[in-house]
Amino acid sequence: MTLKISIDAGSPTAPYEQLRAQISDQVRSGRLPVGHKLPTVRGLAGELGLAANTVAKAYRVLETDGVIETRGRAGTFVAAAGDAAARQAATAAAAYVAEAHRLGLGRADAEAAVADALRAVYGP
């Protein structure tokens, strides 16, 4: 199993975000299994022609999201992220519902706002 990343220098999306999204997608799809060891920050930066800080930023965000975990000198590995991602999504959804209710939105308007946001990110 190999990490397959391609960075589009002409994209309006920042390189660290492209890297974060691609690793996250590969983990979510199962192409990178739980426990898979990721390249070092410097190693991946060299492979992709990126600054080490760019890769480090992507790794930090992925670790915060529960997708990867750093085990000190042993390296960085794919974490069992499914549960962490589901918990974070549920927390975000609950916060949204509480805020929509506080603003006085009815259920239909709150659901319509979510549907619009989902279409904006995932497409029709």
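User: Which residue just after H5 takes a positive phi?
Analyst: That residue is Gly123, with a phi of about 90°. Please bear in mind that this is a predicted model.

User: How many residues does helix H5 have, and how far does it reach?
Analyst: Helix H5 covers residues 107-122, which gives 16 residues. From its first C-alpha to its last, H5 reaches 22 Å, close to the 22 Å expected at 1.5 Å a residue.

User: What about Arg107, is that residue buried or exposed?
Analyst: Arg107, which is found in helix H5, is exposed because its relative accessible area is 68%, and exposed means over 50%.

User: And how far is Arg107 from Val97?
Analyst: Their C-alpha atoms are separated by 8.9 Å, and the two residues are 10 residues apart along the chain.

User: Let us step back. How many helices and strands are there in the protein?
Analyst: The protein contains five helices and three strands. Along the sequence, these elements follow the pattern α-β-α-α-β-β-α-α.

User: Is the protein more spread out or less spread out than a compact globule, and why?
Analyst: The protein is more spread out than a compact globule, because its radius of gyration is 17 Å, well over the 14 Å that the globule rule gives for 124 residues. Taken along the principal axes, the box filled by the C-alpha atoms is roughly 50 × 35 × 25 Å.

User: What share of the residues count as buried?
Analyst: Of the 124 residues, 27% count as buried. The protein exposes about 8,100 Å², and carbon and sulfur atoms supply 57% of that area.

User: Moving to helix H1, which of its residues are buried?
Analyst: The buried residues of H1 are Gln18, Leu19, Arg20, Ile23, Ser24, Gln26 and Val27.

User: What do they pack against?
Analyst: These buried residues of H1 pack against helix H2 (41-48), helix H3 (52-64) and strand S3 (76-78).

User: What span should H1 have, at 1.5 Å a residue?
Analyst: Helix H1 (residues 15-29) has 15 residues, so at 1.5 Å a residue it should span 21 Å. Its end C-alpha atoms are 21 Å apart, which agrees. H1 is followed by Gly30, whose phi is positive and near 90°.

User: Now for helix H2. What does Val41 touch?
Analyst: Val41 is found in helix H2. Leaving out residues up to four places away in sequence, Val41 touches Ala52, Val55, Ala56 and Tyr59.

User: Why does Val41 count as partly exposed?
Analyst: Val41 counts as partly exposed because its relative accessibility is 25%, and that class lies between the cut-offs of 20% for buried and 50% for exposed.

User: How far apart in space are Val41 and Ala86?
Analyst: Val41 and Ala86 are 27 Å apart, C-alpha to C-alpha, and 45 residues apart in sequence.

User: Where is His101 found?
Analyst: His101 is found in helix H4 (residues 81-102). This histidine is exposed, with a relative accessible area of 63%. The C-alpha atoms of His101 and Pro39 are separated by 45 Å, and these residues are 62 residues apart along the chain.

User: What share of the contacts comes from residues 24 or more positions apart?
Analyst: Such pairs account for 46% of the contacts in the protein with a separation of 6 or more.

User: Last topic: how many positive and negative side chains are there?
Analyst: The protein has 14 positive and 12 negative side chains. The centres of the two sets lie 8 Å apart.

Notes. Residues are numbered from 1 along each chain as its sequence is written. This is a predicted model: local features need pLDDT of at least 70, side-chain atom pairs count only at pLDDT 80 or more; totals for chains, interfaces and linings use all residues. Side-chain values use heavy atoms; hydrogens and water are left out. Helices (H or I, at least four residues) and strands (E, at least two) are DSSP runs, numbered from the N terminus. The radius of gyration is taken over C-alpha atoms; the globule rule is 2.2 Å times the number of residues to the power 0.38. Buried means under 20% relative accessible area, exposed over 50%, partly exposed in between (1.4 Å probe, protein chains only). Contact means heavy atoms within 4.5 Å. Accessible areas come from the Shrake-Rupley method with a 1.4 Å probe; for residues, only the protein chains shown count as cover. Lys and Arg count as positive and Asp and Glu as negative; His and the chain ends are not counted. The place of a charge is taken as NZ of Lys, CZ of Arg, CG of Asp or CD of Glu. The expected span of a helix is 1.5 Å times one less than its number of residues.
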